[in-house]
Amino acid sequence: MASEREAAIENVLRGVYDPCCRERGISIVDMGLVRSIEVADGRPRIELILTSGWCPFAARVLNEVREKVRPLSPTDEVAVEVVWDEPWTMERLSDEARAKLRFLPEPSEVPDRRRYIQERGGKDQR
């Protein structure tokens, strides 16, 4: 069970957006980038998982997390770490993020594939 302070930190992190998904309004929480939030002796510690180890925005995300959480830390200290032992996968997406990132309907929702493609100006490659 998360403490009140951990819940408050998670709420604040909902205002931090993945730079690649900012225009879709997907936070790092909904992207599943927040692995854990812990508060010990008043000091918040946040573990993040990156979608890619090559993310050019990692430093910016780490700094933004630190800045947003700092007002909730009585010591002004915030530890933000990237976790490398667990890969990010699509299963980490919240239902809301999954819906915002969906570009195509589920195959079961398209009874006539050729017609669906033609109606959208595409060419069926079969």
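Which residues are linked in a network of salt bridges? Keep that in mind as you open the viewer, and we will get there step by step.

**Before you start.** This is a predicted model, in which local features need pLDDT of at least 70 and side-chain atom pairs count only at pLDDT 80 or more, while totals for chains, interfaces and linings use all residues. Residues are numbered from 1 along each chain as its sequence is written, and side-chain values use heavy atoms, with hydrogens and water left out.

**Stop 1: the network.** Select Arg35, Arg45, Glu47, Glu81, Asp85, Glu86 and Arg92: salt bridges link them in a network. A salt bridge here is a side-chain nitrogen of Lys or Arg within 4 Å of a carboxyl oxygen of Asp or Glu. By this rule the model has twelve salt bridges.

**Stop 2: Arg45 and Glu81.** Arg45 belongs to strand S2 and Glu81 to strand S3, so the pair ties together parts 36 residues apart in sequence. (Helices are DSSP runs of H or I with at least four residues, strands are runs of E with at least two, and both are numbered from the N terminus.) Arg45 is partly exposed at 26% relative accessibility, and Glu81 is partly exposed at 34%. Buried means under 20% relative accessible area, exposed means over 50%, and partly exposed is in between, using a 1.4 Å probe and protein chains only.

**Stop 3: Glu77 and Arg43.** Select this pair next to find a salt bridge of 3.4 Å, N to O. Glu77 sits in the loop between H2 and strand S3 (79–82), whereas Arg43 is in strand S2 (residues 43–48), and the two are 34 residues apart. Glu77 is partly exposed, with 42% relative accessible area; Arg43 is partly exposed too, at 38%.

**Stop 4: Glu64 and Arg22.** In this salt bridge the closest N and O atoms are 3.6 Å apart. Glu64 is in helix H2 (residues 58–69) and Arg22 in the loop between helix H1 (4–13) and strand S1 (34–40), so the pair ties together parts 42 residues apart in sequence. Arg22 is partly exposed, at 38% relative accessibility.

**Stop 5: Asp18.** Finally, select Asp18 in the loop between H1 and S1. Is this residue buried or exposed? Asp18 is buried yet has no salt bridge, and the nearest side chain of opposite charge, Arg60, is 8.2 Å away. For charge, Lys and Arg count as positive and Asp and Glu as negative, with His and the chain ends not counted. Leaving aside neighbours within four places in sequence, Asp18 is in contact (heavy atoms within 4.5 Å) with Ile26, Ser27, Ile28, Met31 and Leu33.
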